[in-house]
Amino acid sequence: MLEIQGVTKTFKQQTAVDQLSLSVSEGEVFALLGPNGAGKTTTLNMILGFEKADSGTIKVDGFDVSKDLPEVRKRLAFIPENVQLYPHLTGKENLAYFSQLAGISYSPEQLSSLLLEAGLQEKAHDSPVSTYSKGMRQKVGVAIAYSKKAKLLLLDEPASGLDPLSSAELSQLVRKVAAQGATVLMVSHDLFRVKETADRVGIFKNGELKKIVKASEVTANDLELIYQGIVE
Amino acid sequence: MKSILITEWKNLLRTPGMLIALVVLLGALGFTAWAGLEEYRVISKLEGEAKAHLRQQWESMGPNNPHSAAHYGTYVFKKNHALTAFDEGVNGYVGRTLYLEGHRQNELVQSDAAQGDLLSRFGKLRPALILQIILPLLLLLFAFQSVRGERDADRVRLLLVQGVSYSKILYGKLWSLWIPGMLFVLLTLGIQMGLLGFSASLLGRAVLLVVGYGLFYWIVIALALWLSSKTEKSYTALSWLLGIWIVWVVFYPKVTYSVAAMLYPLPDRVEFSAGMKEDRSALLDGHNPEEEALKSLEDSVLQAYGVATKEELPINFDGLLMQADEEFGNRVWDEHFGELYQQMQKQKSLVQWASLPNPFGNLQSLSMGASGTDNFHQVDFLQEAESYRRVFIRTLNERHAYGGSRTGDWGYKEDQEFFNSIADFQYAEPPFFSLVRQQTRSLLLLLAWIGILGIGLAKVEPKTSAQ
């Protein structure tokens with residue numbers, strides 16, 4: 001589903017991503033783990049089409065990001081660190097608007113059902129988003145991803161700033177999306193959350209993918225030791 | 001596009017303070033519209049009464065000498081209608097009334113430059129003032145906030161990932177502000193024309209107003225969206241926008257009008273009158289029989305009638321003399337007016353071309369023009385009134401000459417029926433197409449702005465995060 005081949009990106013002679021090659025298959029959750037400035041978000045932005053790679057190719061469902069961006073964007077959904085919705089609109093109105101932008105119209109019942117599926121309680125559906133907690137906004141973000149029936153879901157530090165309960169709920173939601181056949185690429189520096197959520201973990205340092213670890217084959221402590229060994 | 005429009009409107013309406021802003025704006029528009037309507041009513045009433053009084057005086061003066069009647073004089077009034085109540089234009093400075101009398105041509109010493117300078121100090125409170133300055137400023141600020149809001153909240157990436165293009169988002173925002181802006185224009189014009197009445201000609205003018213304001217609002221919103229998208233920092237964008245607004249509305253008009261007045265200076269009222277007086281005295285004075293020119297006129301008339309003295313003429317030579325004096329006066333006026341008009345045209349042309357970087361100047365010109373309150377209408381009114389005055393005086397002088405009296409018979413009188421047959425002055429504004437021709441340059445300049453900004457909006461690259 002996601003194929004990255006030999007991608008390099010530099011900013012003012014500083015290499016942000018160096019010769020990255022990665023393949024993530026359907027239904028898999030892949031996490032990019034690394035300290036700040038490791039190149040994780042730049043990678044995400046290149047997949048989203050907001051940054052152009054200096055060299056290499058990125059393909060989503062066979063479509064090249066640099067050549068077929070509209071086709072790529074039809075197939076992906078994105079949840080940023082802070083899902084910033086329209087604060088004066090309700091959760092349902094926000095979801096309706098974002099799905100309409102993607103060319104899909106839902107009935108009010110379908111919107112409610114999507115929000116419920118994303119874990120947002122019914123009583124919040126018609127409240128302005130300005131009254132939502134961060135966790136609730138992230139759930140609307142997940143509902144937006146659901147609504148688009150995206151084949152690739154990209155998450156940028158999705159659990160950052162969430163309380164442990166909300167964070168765990170979000171992990172479950174991500175697993176649910178993957179179970180339904182979508183591919184997930186998440187960027188995080190939360191080692192324990194990544195271990196909980198991902199199938200494979202790629203450890204980034206100075207723009208290089210140093211190691212890929214299967215989450216099921218290590219404990220959280222093992223992962224931490226591997227990470228420290230690479231990063232420090 | 002529809003979903004962007006609806007979402008923008010919901011967002012706008014639910015923004016805290018928006019209701020207060022709407023109420024204040026509607027209140028200001030309502031107040032200015034009321035002020036315009038009230039003045040319209042007062043002026044219409046006073047003009048009606050004055051016209052009736054003057055006509056009544058004219059029709060009840062009884063048998064009178066025609067030349068004496070020429071010195072009775074009368075007042076004529078510029079058009080007063082729903083659109084003059086919408087945009088006061090230069091009327092507040094040049095007035096709406098003229099006094100017409102024999103041997104007395106009116107002066108024209110108010111130039112575009114002089115009026116422009118006065119206008120740039122802001123005119124009376126009229127709906128046009130709100131719709132030209134306050135509402136566009138609000139649209140500009142909302143457009144700025146609309147783009148910066150998305151960027152500062154890092155929402156742009158979320159929107160673009162949905163598959164929509166950035167230019168589509170910008171155009172959605174543009175129309176979402178343009179439509180309410182135009183509703184205010186239509187509402188104001190609708191109320192004013194509904195209350196004060198309208199004709200086909202006024203409807204045409206109202207359409208021109210709507211087009212002018214529509215183009216200008218588009219430019220203001222597009223510029224704010226483009227600049228807010230292009231600049232890195234919020235405060236840079238806001239500083240630029242407010243700076244441009246102040247330059248457009250306050251400084252630029254003042255500078256261009258001052259430069260025009262400096263390059264093509266006009267005489268002041270005293271100079272103009274003194275020049276006219278000097279040239280006139282060099283020609284003929286109908287009340288001073290010693291003049292050489294008088295002798296020449298007398299000789300030609302005596303020769304035409306084959307008599308030796310004025311007393312032998314079958315007509316009253318005094319009437320011819322007074323008409324000749326009038327025509328000399330007219331010639332002097334035409335000459336001075338022509339020179340003045342040439343200078344004013346040069347000023348106007350310079351001001352219009354200088355308005356290329358200032359669409360506000362073009363809107364002002366269009367708004368006053370369509371409302372019938374610009375200098376073009378003022379000049380037309382003066383010319384029409386002067387034409388009427390000339391026919392009016394000639395009719396009286398010719399009656400004096402050919403009505404049956406003899407030279408020197410100053411006691412000769414015409415009956416009331418003759419005076420009643422002279423119609424009042426009826427002023428008709430220039431036809432719509434001549435108005436459009438007059439405003440073509442302003443319209444083209446506004447369209448040029450739209451072309452440039454349209455391309456700019458279609459090509460602007462999104463900044464995908466708060467920077």
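**Packing in the core and along a helix**

Modeller: This is a predicted model. Setting aside residues up to four places away in sequence, A:I47 touches A:L2, A:I4, A:I58, A:V60, A:V65, A:V72, A:L76, A:L152, A:L154 and A:L185.

Colleague: How many residues has the largest nonpolar core, and which have the most contacts inside it?

Modeller: That core has 155 residues, and A:I47 and B:W248 are those with the most contacts inside it. Helix α9 of chain B, residues 200–230, supplies the largest share of this core, 17 residues. Another core, of 19 residues, lies apart from it and includes B:A70, B:L100, B:I422 and B:Y427.

Colleague: Which residues are buried in helix α4 of chain A, and why do they line one face?

Modeller: The general idea comes from the helical repeat. An α-helix has 3.6 residues a turn, so residues three or four places apart point the same way. In α4 of chain A, residues 108–117, the buried residues are A:L111, A:S112, A:L114 and A:L115. Viewed down the axis of α4(A), its buried residues fall within an arc of 160 degrees, so they line one face of the helix. They pack against α3 (91–101) and α5 of chain A. Just after α4(A), A:G119 adopts a positive phi of about 90 degrees.

Key
Residues numbered from 1 in each chain as written. Chains lettered and ligands numbered in written order. Predicted model: local features only at pLDDT ≥ 70, side-chain atom pairs only at ≥ 80, totals over all residues. Heavy atoms only, no water. Core = buried A, V, L, I, M, F, W, Y, C linked by side-chain atoms within 4.5 Å. Buried < 20%, exposed > 50% of the residue type's maximum accessible area, 1.4 Å probe, protein only. Helix = DSSP H or I, 4+ residues; strand = E, 2+ residues; numbered from the N terminus. Contact = heavy atoms within 4.5 Å. Arc of directions from axis to C-beta.
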